[in-house]
Each structure stands twice: as C-alpha cells, then as structure tokens.
Amino acid sequence: MATTGTAAVATGTSTVKRKPVFVKVEQLKPGTTGHTLTVKVLEANIVVPVTRKTRPTSSLSRPSQPSRIVECLIGDETGCILFTARNDQVDLMKPGATVILRNSRIDMFKGTMRLGVDKWGRIEATEPASFAVKEDNNLSLVEYELINVGDQ
C-alpha cells in the first residue's frame, strides 16, 4: 500500500508551495503564529542563562551545553519589537543586520509580546534594507492582561 508521499513521487506530481505573505511589525498581535517579516536588528543584548542543577551524566548521555540567549530589538518602518534569539540564531542577529524571519510566532513574557522563531521557522540574512526603523512604536512596551470570559 503506497503512502501519499510515495504516490506523488510515482506519478510525478509535486505539492505547490504558496508564496510567503510578509507582514509589518505593527500588524503583530498576541498569540499569533506563522509570521514572515523583513526586519533590521537595532540592538542585541546577551541574557544571562539560568543556572541549572547538574544531572549525573551516564556514559550514554551527552553533556548538556549552555544555551545562548540574546534579546534583540528588531523593527521595520512601522514599529519595533523584542526578538529572542537562541543558540545558532544568535550569530545572525548582529546590530545593523537585515534579516528575514520565516514562520515566527508571538510569545508572551510577563504580559508583553516577544517575537521568536522555533525549530519550524527560519532566519535568513538578506541584503541591507532601505527603510528607517520606527523606534517610537515599540510593541514590547505594551502590557497585556489575560481576561477569562466565563459562561453567563
């Protein structure tokens, strides 16, 4: 019995990928995912990693490496937001760089929005953009409160 993937290969058909829809920073809302943006990196600040309790290592497990976390202020011509870069993403997020964030998501941290890219997303360096970042519209400074609406 053939699976869908092998049937597509056998018949010579392929799935059609849709074009990415680029959004602006001011369009970001809490709890949303799948954003594709072109942004400039304004600042990159190293976050001190939380010290974890050391686990006894067995001969089969590999030693855990400390994770690198950098909070970057990124933006475009409509506004700016904090971006949390982790491990290999840190190398791409240098101040002055222009990057494309694909499949990014909004994380909430202490009631404020942060942008992030997980293992399903991608960060790509691109040619320098011509826009000037609007720094006075920082979406990470807006505090949100979760309100549960019960049945009435």
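Tutor: Arg-102, Arg-122 and Glu-124 are linked in a network of salt bridges, a salt bridge being a side-chain nitrogen of Lys or Arg within 4 Å of a carboxyl oxygen of Asp or Glu. The model is predicted, so local features need pLDDT of at least 70 and side-chain atom pairs count only at pLDDT 80 or more, whereas totals for chains, interfaces and linings use all residues. Residues are numbered from 1 along each chain as its sequence is written, and side-chain values use heavy atoms, with hydrogens and water left out.

The structure holds six salt bridges. In one of them, Lys-24 pairs with Glu-77, and the closest N and O atoms are 2.6 Å apart. Lys-24 lies in the loop between α1 (4-11) and β1, and Glu-77 in the loop between β2 and β3, so this pair ties together parts that are 53 residues apart in sequence. Helices (H or I, at least four residues) and strands (E, at least two) are DSSP runs, numbered from the N terminus. Lys-24 has a relative accessible area of 34% and Glu-77 one of 33%; both values count as partly exposed, the class between buried (under 20%) and exposed (over 50%), with a 1.4 Å probe and protein chains only.

Another salt bridge joins the side chains of Asp-91 and Arg-68, at 3.3 Å from N to O. This pair also links distant parts of the chain, with Asp-91 in the loop between β3 and β4 and Arg-68 in the loop between β1 and β2, 23 residues apart. Asp-91 is partly exposed at 44% relative accessibility, as is Arg-68 at 38%.

The side chains of Arg-105 and Asp-107 meet in a salt bridge at 3.0 Å, N to O. Arg-105 is partly exposed at 23%, and Asp-107 likewise at 29%.

Leu-115, Ile-74, Ile-81, Phe-83 and Leu-101 are among the residues that touch the most other members of the largest nonpolar core, which has 21 residues. Such a core is a set of buried Ala, Val, Leu, Ile, Met, Phe, Trp, Tyr and Cys residues joined through side-chain atoms within 4.5 Å. The elements giving two or more residues to this core are β1 (33-47), β2 (69-76), β3 (79-86), β4 (98-109) and β5 (112-116).

Strands β1 and β4 run antiparallel and are joined by six bridges, with Leu-37 partnered by Leu-101 in β4. Seven bridges join β1 to β2, again antiparallel, and Glu-43 has Leu-73 in β2 as its bridge partner.

Of its 152 residues, 28% are buried. Among contacts between residues at least 6 apart in sequence, 68% join residues at least 24 apart.

Terms used:
Contact means heavy atoms within 4.5 Å. Two strands pair if DSSP finds at least two bridges between them.
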